[in-house]
Structures are given as structure tokens and as C-alpha cells.
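Hi,

Here is the structure I said I would pass on.

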Amino acid sequence: MMEHAIRQNVENIRQRIAAAAARSGRRAADVRLMAVTKTVDDQRILAAIAAGVDIIGENYVQEAKRKIELMGRPQEWHLIGHLQTNKAKYAVKLFDMIHSVDRMDVALELNGRAAKEGRLIKILVEVNISGEATKRGIDGEEASGLVKEVSHLEHLSIQGLMTMAPWFDDPEEARPCFAALRSLRDRIAEAGIPGVTMGELSMGMSGDFEIAVEEGATIIRIGRSLFGERPVKEGTPT
Ligand SMILES: *Cc1c(COP(=O)(O)O)cnc(C)c1O
């Protein structure tokens with residue numbers, strides 16, 4: 001039963017992606033669906049993989065290590081959570097893409113570890129586009145400077161930008177955030193920094209992904225609409 005419900009949720013989200021893409025003259029195939037698995041048990045994650053999600057998104061490096069050993073790599077694994085420098089060593093071995101690079105020291109640590117592994121790691125720069133104090137990410141005005149600095153690191157490949165919009169009752173209110181991330185992406189792309197491709201926009205979650213798709217998202221990160229509400233843990237950011 002549970003497998004069936006998750007499969008239906010995936011289908012429902014795919015249809016909503018397709019409709020939003022059509023409204024904005026985009027192709028649904030250009031939007032990848034990430035299942036965000038924090039607090040979700042292994043059986044339900046496996047059901048999402050079986051239902052054909054494109055990416056599994058992990059908040060914690062240690063959890064990802066265990067899950068990848070268990071579930072393998074039928075799809076990509078991306079890190080979306082905050083990265084501590086002491087976890088960079090594992091992160092470069094595990095992930096196909098890291099969405100949460102927002103400081104040069106983290107980039108330097110990743111680059112050094114990736115060099116040791118002989119890998120080129122795809123990364124996104126996380127931007128605090130709303131300027132909310134509680135949100136992680138680099139300020140919008142500083143993002144292109146960070147991209148330029150990181151572009152010199154030989155083992156990191158910048159693929160685009162990521163953001164988390166603030167939570168609104170009406171998702172339409174998140175639209176200016178998504179539009180701002182897209183225009184920031186366009187401006188950085190126009191600068192033509194060697195080694196930087198700006199194809200990816202990781203934005204949109206359960207409450208606002210259709211608006212994000214309309215504004216150009218290429219990866220949407222979905223937890224609750226796939227797996228149901230998360231248990232509320234005191235003092236833990238969700
Ligand atoms: C939890 C989380 C999501 C998914 O949020 P939902 O509202 O459950 O879809 C997306 N991105 C990040 C970075 C998250 O931590």
C-alpha cells in the first residue's frame with residue numbers, strides 16, 4: 001500500500017511539473033525531481049527510487065553513506081544539507097552533486113579532498129536570496145564573487161545556484177525569490193567565467209515547486225509531498 005501511495009505521489013508531482021512547465025513554455029524533461037529523505041525510513045526511500053525519482057537529496061553526510069551502501073546508485077545522490085568541513089572527505093566520495101557550497105573555506109576543503117580522490121565534483125552555490133537571517137547561503141551581492149573565486153579550484157565544477165525561499169501561506173509570494181535567483185544566474189552566466197556552467201537552478205520545495213518551475217527551476221527538492229509530513233522534532237530545523 002505504501003509503495004502504491006508513493007508511486008501515486010510521484011505521478012502527481014510529475015503532472016504538476018508538466019503543467020507548470022507548459023505554462024512557462026518549458027519542457028518537463030528539463031526539470032529533475034529530487035526526493036528529500038530526512039526522517040524518512042529506508043522502505044519509503046526504496047519505494048521512491050522504484051517509482052523513478054531522478055535524485056535522492058540528503059541533508060546529512062553520515063546517513064547518506066549508510067544509505068548508498070544499502071541502496072546503490074540507480075539514481076544520483078546529492079547533498080543539500082549544510083556541509084561541515086570535517087565531512088568534506090566523505091562528501092567527495094559519496095555525492096554526484098553538492099548544493100550547499102556558500103563559503104570559500106568549504107570550497108577549499110572540498111577541492112583538496114576531491115584532488116586526493118582524483119575526482120571533479122559538481123557543486124552549486126547556495127544563495128540566501130531572501131536575505132532572511134535564518135536562511136543559509138551567501139548574500140546575493142556576494143555570489144558572483146564567490147563563483148569567480150571557486151572557479152579557480154580545479155577539482156570543483158560549478159553548475160549553477162541553489163536557494164531556499166522563505167515559507168509563505170501563498171506560494172505565489174515566493175515568486176520574486178525564484179525570479180531573483182534566475183536573474184542572478186543569468187548575470188553570472190553572461191560574465192562567461194571560464195570553467196563555470198550555470199545550467200542548474202535548484203529551487204522549489206513541496207509548498208512552492210510549481211512557481212519555481214515557472215521561474216526556471218531545473219531541480220526541485222520535494223520531501224513532504226512525496227513522503228507525508230515529517231515528525232516535529234523540538235529545536236531541529238526542518
Ligand atoms: C527539507 C528540505 C527540502 C524539502 O522540503 P519539503 O517542504 O518537505 O518538500 C528541500 N530542500 C532542503 C534544503 C531541505 O532541507
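Predicted model: local features only at pLDDT ≥ 70, side-chain atom pairs only at ≥ 80, totals over all residues.

Start with the two helices. Helix 1 covers residues 2–23 and helix 2 covers residues 42–50; their axes come within 9 Å and cross at roughly 50 degrees. The crossing of helix 1 past helix 2 is right-handed. On the helix 1 side, the contact is made by Met 2, Glu 3, Ile 6 and Arg 7, while helix 2 brings in Gln 43, Arg 44, Ala 47, Ala 48 and Ala 50. Sorted by class, that contact has five nonpolar, three charged and one polar residue.

Next, the ligand. The residues around it include Val 36, Asn 59, Ile 80, Met 164 and Gly 223. Lys 38, Arg 221 and Arg 230 are also among them, and here is how their side chains sit:

- Lys 38 has a polar side-chain atom 2.6 Å from an oxygen atom of the ligand.
- Arg 230 has a polar side-chain atom 2.8 Å from an oxygen atom of the ligand.
- Arg 221 has a side-chain N or O atom 2.9 Å from a nitrogen atom of the ligand.

Last, which loop holds Gly 137? Gly 137 is in the one between strand 5 (121–128) and strand 6 (138–139). Apart from its neighbours within four places in sequence, Gly 137 is in contact with Asp 102, Glu 126, Val 127 and Asn 128. Gly 228 is 91 residues away from Gly 137 along the chain, and their C-alpha atoms are separated by 27 Å.

Cheers

Methods:
Residues numbered from 1 in each chain as written. Heavy atoms only, no water. Axes fitted to C-alpha atoms, helices over the stretch in contact; angles between N-to-C directions. Helix = DSSP H or I, 4+ residues; strand = E, 2+ residues; numbered from the N terminus. Left-handed = near helix turned anticlockwise from the far one by under 90°. Contact = heavy atoms within 4.5 Å. Nonpolar A, V, L, I, M, F, W, Y, C, P; charged D, E, K, R; others polar. Near = heavy atom within 4 Å. Polar contact = N/O pair within 3.5 Å; in protein donor to acceptor, adjacent residues only side chain to side chain.
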